[in-house]
Amino acid sequence: MPTSRRTFAAVAVAALVLPLSACGSGSGDSGSSDASGKVEGDITFQTWNLKANFKPYFDGLVADFEKKYPGTHVKWIDQPAEGYADKISADAAGGTLPDVVNVSPDLVAPLAKAGLALDLDKAAAKYKKEYLAGAWASHRIPGMTGTYAFPWYLNTGPLFYNKSLFEKAGLDPAQPPKTYGDLFADSLQMAKKSDGKVATLANVPTIEDFGRYGVELMDKQGGAFTFNDAKGVELLTKYKQLYDAKALDPQALTATPESSGKKFLTEAVAMNPGSALDLGNFKKQAPNLYKNIGITDQITSTGHVNMYVMGVMVNSKTKHTPAAVAFAHYVTDAEHQMSFAKKVAIFPSTAGSLDDPYFTKEDGTDETRVRIAAAKSLKSAVNYTPVLFSDQMKTALRNEVAKALQGKESPKEALDNAVKQCNTLLQQQG
């Protein structure tokens, strides 16, 4: 299960290719979007790699639901992380898709396009106000009207920064950069003061960076990517300046989250995303770094940080729409999201939950420090990754960004090429 910023980033699955004629369900072929009837019947609920660690939680959840709604029976099945997208695709094409399915936004898109995801704006509009606006919007599909999954758990990651390195560069350690403008200015100063020995960042810009910079990533119809506009080119040009000044680590082109973390650990890099687990690691392996650690929000020029979100989708072909909608809502309501969040490092998507003392009250532990910082930023966070942006597209963007940083292409050429490749892949999705 993706439970950290890193893992969330790593599990975005390649877009599914579904025939638009795909239909059917393990429960039958004649579905209804009317969720107002009696909650009864047998439904199947599928999760994504959760059974190994959370079986007692879900067993209890199912039992409580069946007790609340006599005449219902929920069969819980869990699929491994490996091949999850392929499994959903095969079930959708074969008419065996479960009634209620754990999905991420990129997995919802092809199902919604194939007519297999229930539109909750129609079937469950009364629940919309229970969720954070940004979370509810995360399962909307460009070019379509409607919302196609209940938002479930969220994650984000604050940034760690090394106060000592900021101080040595003549920067105020109590005022870390907040916007990209701040970041670029501070990064160039740090590189200059350290004679290129200390980079501020160890990662190249991703699609989320373009989003947080304020770039329009896609047209409103969902027909084409647009991150090669003037603002997109401006962002990549700034990163090229950082790279040339050694303000961006020279190994950023091939960096992994692990290698970036090691650079931060050895104080060769001044800022890095992370989690409470990293803080514990610093405490043991790098006490000097730990002593000087600062925690701040993700860099953003829009005022909104990025969120990673999981959802619970209802199969539009289910025979038991009232039961399926009721159970999907039950899994994702405030009470159950809160209890799940206390078992694993995730955050509820329900309105008001992030004001709970669990997410606001310090207790002196590293875990709580990070949890509070992340929860605060999530209240107005946005899922910047377009739901139609596949793993292949991420690779295409990364490759073109690398060419721009190395000077093999201009930032404009690189982004034009990336957009062209991504739009070709988009057309292939159908």
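**Helix α3 and other parts of the model**

Trainee: Which residues are buried in helix α3?

Mentor: In α3, residues 84–94, the buried ones are Tyr84, Ala85, Ile88, Ser89, Asp91 and Ala92. Buried means under 20% relative accessible area, exposed means over 50%, and partly exposed lies in between, with a 1.4 Å probe and protein chains only. Helices (H or I, at least four residues) and strands (E, at least two) are DSSP runs, numbered from the N terminus.

Trainee: Why do they line one face of the helix?

Mentor: Looking down the axis of α3, its buried residues fall within an arc of 165°, so they line one face. The arc is taken from the directions from the helix axis to the C-beta atoms. In general, an α-helix has 3.6 residues a turn, so residues three or four places apart point the same way.

Trainee: What is this model, anyway?

Mentor: It is a predicted model: local features need pLDDT of at least 70, side-chain atom pairs count only at pLDDT 80 or more, and totals for chains, interfaces and linings use all residues. Residues are numbered from 1 along each chain as its sequence is written, and side-chain values use heavy atoms, with hydrogens and water left out.

Trainee: Back to α3. What covers its buried residues?

Mentor: The cover includes β1 (41–48), β2 (72–79), β3 (100–103) and α4 (105–113). Contact here means heavy atoms within 4.5 Å. On the face turned away from the buried side, α3 carries the exposed residues Asp86 and Gly94.

Trainee: And what follows α3?

Mentor: Gly95, with a positive phi near 75°.

Trainee: New topic. How many residues does α8 have?

Mentor: Helix α8 (residues 180–193) has 14. From first C-alpha to last it reaches 20 Å, close to the 20 Å expected at 1.5 Å a residue. The expected span is 1.5 Å times one less than the number of residues.

Trainee: Which residues of α8 are buried?

Mentor: Tyr180, Leu183, Phe184, Asp186, Ser187, Met190 and Ala191. The buried residues of α8 pack against α7 (163–168), α9 (207–213), α10 (230–244) and β6 (271–273). Just after α8, Asp195 takes a positive phi of about 55°.

Trainee: Where is Asn306 found?

Mentor: In the loop between β7 (293–296) and β8 (308–314).

Trainee: Is Asn306 buried or exposed?

Mentor: Asn306 counts as buried, because its relative accessibility is 0%. Leaving aside neighbours within four places in sequence, the contacts of Asn306 include Asn155, Glu208, Arg212 and Tyr384.
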